[in-house]
Amino acid sequence: MMKRLLSFSLIGIFCTGSYAQLTTDELLGQLNTITTAVPFLLISPDSKAGGMGDAGVASAPDVNSMHWNPSKYGLIDKKMGVGISYTPWLRALVPDINLAYVSFFYKPSKMGTFATSMRYFSLGNITFTDIVGNAIGQFNPNEFAIDVGYAQKLGENLSMGGAIRYVYSNLTNGVSVNGASSHPGMSVAADISAFYQNDKIEVSDKKSVLAFGINISNIGSKVSYTNTGTKDFIPINMRLGSALTMELDDYNSIGFVLDINKLLVPTPPHYLVDSTTGSPVKDANGQYVIAAGKDPNRSVVSGILGSFSDAPGGFREELKEFILAGGIEYWYGKPRIFAVRMGYFHEAATKGNRKYFTFGIGVKYNVFGLDFAYLVPTVQRNPLQNTLRFSLLFDFNSGKKDSDAPQE
């Protein structure tokens, strides 16, 4: 099974896609998934957000805010924190693929916070074979990203932040495919984000916290695994959303979160094919003729700006590229000691068709926190189904404020 998975990955790296001749109406019903290099950057790393439909751009600030919205650190009410998360991947098929995530923040003053994180994605042990099936060696493909971020508090309710990220992806260990030698893919990227949180509002006479967030992440250079291959976009992503938490009484609170995501990379076009031969049509320069959509081989800036208007199916297809994620979180105790979470993730059928429910629980005692998450797909198999994810959190500034922080 692992040989087949790696073969599919290598095919995606070294080969181009197939083409079809379709009308505009037909385009709206065809699968046209946006793919990028290093998609592990989009995997939800922590179990708190994992229990709420993978939503977290506007949820309460915590040690894992680096992935969701670095600017949330600016309004965090703790001095320092450490988080450790572990996510098994494809556990129903293989036992040794996983994502590990470690995060840390430190707040030296009331206005600024420094943070860092590292994620490591292991693809397990792979046996490489030649074209006739002879073993040529073993390798552990892996990818990792290291982040350094800073968030600045701009007022009582507003903060802005950013992060710099180094991405390393070694999938082939230098194996040659079709005569082309391979090498690790590398990129440097940045996040830009903002966060607003107002804890002085009331909803139905209940003390409440309203928050809004936006994060444009992974703005960075393209990745190539060969010297001759076309460079691929990394998953530049726009995430925006809101959160509302209500204090029901001294011992109970409930929160709601909603995220909207969109990849800011080119949508694959549809190419013109010869109706007689079925072969793609080339122009005088030897380039394939695009029947609908735009040329995906463009600069990072052009790819970001054009990502709102390049879908082959027009505006209706563009709308399908927005992904919705939302969840509910209930906390009990004074201070908060036990949480129950659930959520839902929705992606259009023609853009990947990921649809699933999530469930989670959390416990907190003094400086220690523990979260679990579980995913239940609704339309197709998911790499995280039948898998229990967990996160450990250590809060080194616990104390008086805990009872006043309904979202934690």
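## Salt bridge between E317 and K351

In this predicted model, E317 and K351 form a salt bridge through their side chains, with an N to O distance of 2.7 Å. The two residues come from distant parts of the chain: E317 belongs to helix α6, whereas K351 is in the loop between β15 (338–346) and β16 (355–365), and 34 residues separate them. Both partners, E317 and K351, are buried.

A network of salt bridges links E317 and K351 with K262, E318 and E321.

## Salt bridge between R298 and D310

Across the whole structure, a search finds 17 salt bridges. One of them joins R298 to D310, whose closest N and O atoms are 2.6 Å apart. This pair likewise connects distant parts of the chain, with R298 in the loop between β13 (290–292) and α5 (300–306) and D310 in the loop between α5 and α6 (315–320), 12 residues apart.

Both residues fall under the 20% limit for burial. R298 has a relative accessibility of 13% and therefore counts as buried. D310 is buried as well, its relative accessible area being 1%.

## R341 and D371 across strands β15 and β17

A further salt bridge is formed by the side chains of R341 and D371, at 3.2 Å from N to O. Because R341 lies in strand β15 and D371 in strand β17, this pair ties together parts of the chain that are 30 residues apart in sequence. R341 and D371 are both buried.

D371 is located in strand β17, which covers residues 368–377, and its relative accessibility is 7%, so D371 counts as buried. Leaving aside residues up to four places away in sequence, D371 touches S47, K48, R341, I361, G362, V363, R389, F390, S391 and L393.

## Strand β1 and its two partners

Strand β1 (residues 80–88) runs antiparallel to strand β2 (residues 98–106), and nine bridges join the two. β1 also pairs with strand β18 (residues 388–395) in the antiparallel sense, here over six bridges.

Residue G83 illustrates both pairings. Its bridge partner in β2 is S103, while in β18 the bridge partner of G83 is L393.

## V102 in strand β2

V102 is placed in strand β2. With a relative accessible area of 43%, V102 is partly exposed, since that class covers values between the 20% and 50% limits. In general, the side chains of a regular strand alternate between the two faces of the sheet.

Although V102 and G83 are 19 residues apart in sequence, their C-alpha atoms are 5.7 Å apart in space. When residues up to four places away in sequence are not counted, the contacts of V102 are G83, T116, S117 and M118.

Methods
Residues numbered from 1 in each chain as written. Predicted model: local features only at pLDDT ≥ 70, side-chain atom pairs only at ≥ 80, totals over all residues. Heavy atoms only, no water. Pairing = 2+ DSSP bridges. Helix = DSSP H or I, 4+ residues; strand = E, 2+ residues; numbered from the N terminus. Buried < 20%, exposed > 50% of the residue type's maximum accessible area, 1.4 Å probe, protein only. Contact = heavy atoms within 4.5 Å. Salt bridge = Lys/Arg side-chain N within 4 Å of Asp/Glu carboxyl O.
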